[in-house]
Amino acid sequence: MQSLFRTPTDAATVAGTPAEVLLLVDSGYSHTTVTPLLRGQPLHSAVRRLDVGGKLLTNYLARLISLRHFDVRNETYIVNEMKEAACYVSADFKSDLERTWRGTRGDRREDYLTGAGIVKDYVLPDFHSRSKGELREYDPARHTKARKIAAAGSHADEDILTLRNERFAVPELIFNPSDMGMRQPGLADLIYQSLQELPLGLWPGLLANIVVVGGNTLFDGFVQRLQREVVQRFPDDCVVRVARPADPIVSTWTGAANMANHVNVEKLVVTKQEYEELGSAIVAQVHHRQQRPLMRLSNRETGT
């Protein structure tokens, strides 16, 4: 089974050398999970889950836009496209928030007026000339012209949403879910909690082999932010490396396809006939047979 898993050698891709231990972070549609793996087997006592996934992020963005612009709560597909095109993980959340702040009443700050390099315009699809939205650089002059057209009683050719702190406030929920009132730890704290359940001897290997998969990991800045936050939570002598497959969305399917073609797959599967006869008990038996040698290995290598 170890040949199914790979260890990263840099921050950009996952290379082709086998990993004895690996820390898998899967941030997908419904939730985000942290799963330590030893020789291809999950260490279940250390698995952790965060109830923040792509669906929640899309709904949160729809709520923000509906409060600040116009109601898009029934336009989930469009909002999801907007999220994927415009959102990013901030390297410095407080600084970006300051740069996008409007200022006191009657006093518009210079960064707010110019966009501070953060603000973007999103042109909504009209499903006639445009079937998909388009992300553009923010142009204050374009908005001034649009206001003049509206004042004259005419209609602009395009419906444009200006995205400011929504761009980074939405993905920030993965790292700080308390921003929307969720009483759960952020992703870096979740990794820390997971490793607290394991022997110290496994920490260096797990921290050096963090692999992230799932659609949310495609946000610009996700890998860099996660690596920086994990580094801050562990001893300085622990090397932290975070890597992402070339296509993190289909990598789970690719792993399952590799497992199906593995020479030892028969030792890991339960047939339909066995399941119908014995139910979930047969699954537990197969799992227990796989776990026993792994736990002996773990105790011997870590001295526990």
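Predicted model: local features only at pLDDT ≥ 70, side-chain atom pairs only at ≥ 80, totals over all residues.

In which helix does W253 lie?

Guide: W253 is found in helix α11, which covers residues 251–260. With a relative accessibility of 64%, W253 counts as exposed, because the cut-off for that word is over 50%. W253 also takes part in a nonpolar surface patch of about 430 Å², together with L218, I249 and V250.

From this surface, let us turn to the inside. The largest nonpolar core holds 52 residues, and I191, F222, L226 and V230 are the ones that touch the most other members. Helix α1 gives this core its largest share, six residues. Another core, of five residues, lies apart from it, and A19, L22, L37 and V213 are among its members.

Leaving out residues up to four places away in sequence, I191 touches L23, V25, V34, L226, V230 and F234.

Helix α1 deserves a visit too. It runs over residues 54–68, has 15 residues and reaches 21 Å from its first C-alpha to its last, close to the 21 Å expected at 1.5 Å a residue. Its buried residues are G54, L57, T58, Y60, L61, A62, L64 and I65. An α-helix has 3.6 residues a turn, so residues three or four places apart point the same way. The buried residues of α1 pack against α2 (76–86), β9 (160–163), α6 (166–169) and α7 (172–175).

T35 belongs to strand β4, residues 32–38, and T35 counts as buried because its relative accessible area of 15% is under 20%. Beyond its neighbours within four places in sequence, T35 is in contact with L22, L23, L24, P42 and V47.

Let us finish with charges. Side chains of opposite charge can pair when their charged atoms come close. The count of salt bridges comes to 17. In one of them, R233 meets D189 at 2.7 Å, N to O. This pair links distant parts of the chain, 44 residues apart: R233 sits in the loop between α10 (222–231) and β11 (242–243), while D189 sits in helix α8 (residues 187–196). R233 is partly exposed at 27% relative accessible area, and D189 is partly exposed at 32%. Elsewhere, salt bridges that share partners join D126, R130, E134, R136 and E158 into one network. Within it, the closest N and O atoms of E134 and R136 are 3.5 Å apart.

Definitions and conventions: Residues numbered from 1 in each chain as written. Heavy atoms only, no water. Patch = residues over 30% accessible without salt bridge, like charges linked within 9 Å, V, L, I, M, F, W, Y side chains within 5 Å. Areas by Shrake-Rupley, 256 points an atom, 1.4 Å probe, with all protein chains shown as cover. Salt bridge = Lys/Arg side-chain N within 4 Å of Asp/Glu carboxyl O. Helix = DSSP H or I, 4+ residues; strand = E, 2+ residues; numbered from the N terminus. Buried < 20%, exposed > 50% of the residue type's maximum accessible area, 1.4 Å probe, protein only. Expected span 1.5 Å × (residues − 1). Contact = heavy atoms within 4.5 Å. Core = buried A, V, L, I, M, F, W, Y, C linked by side-chain atoms within 4.5 Å.
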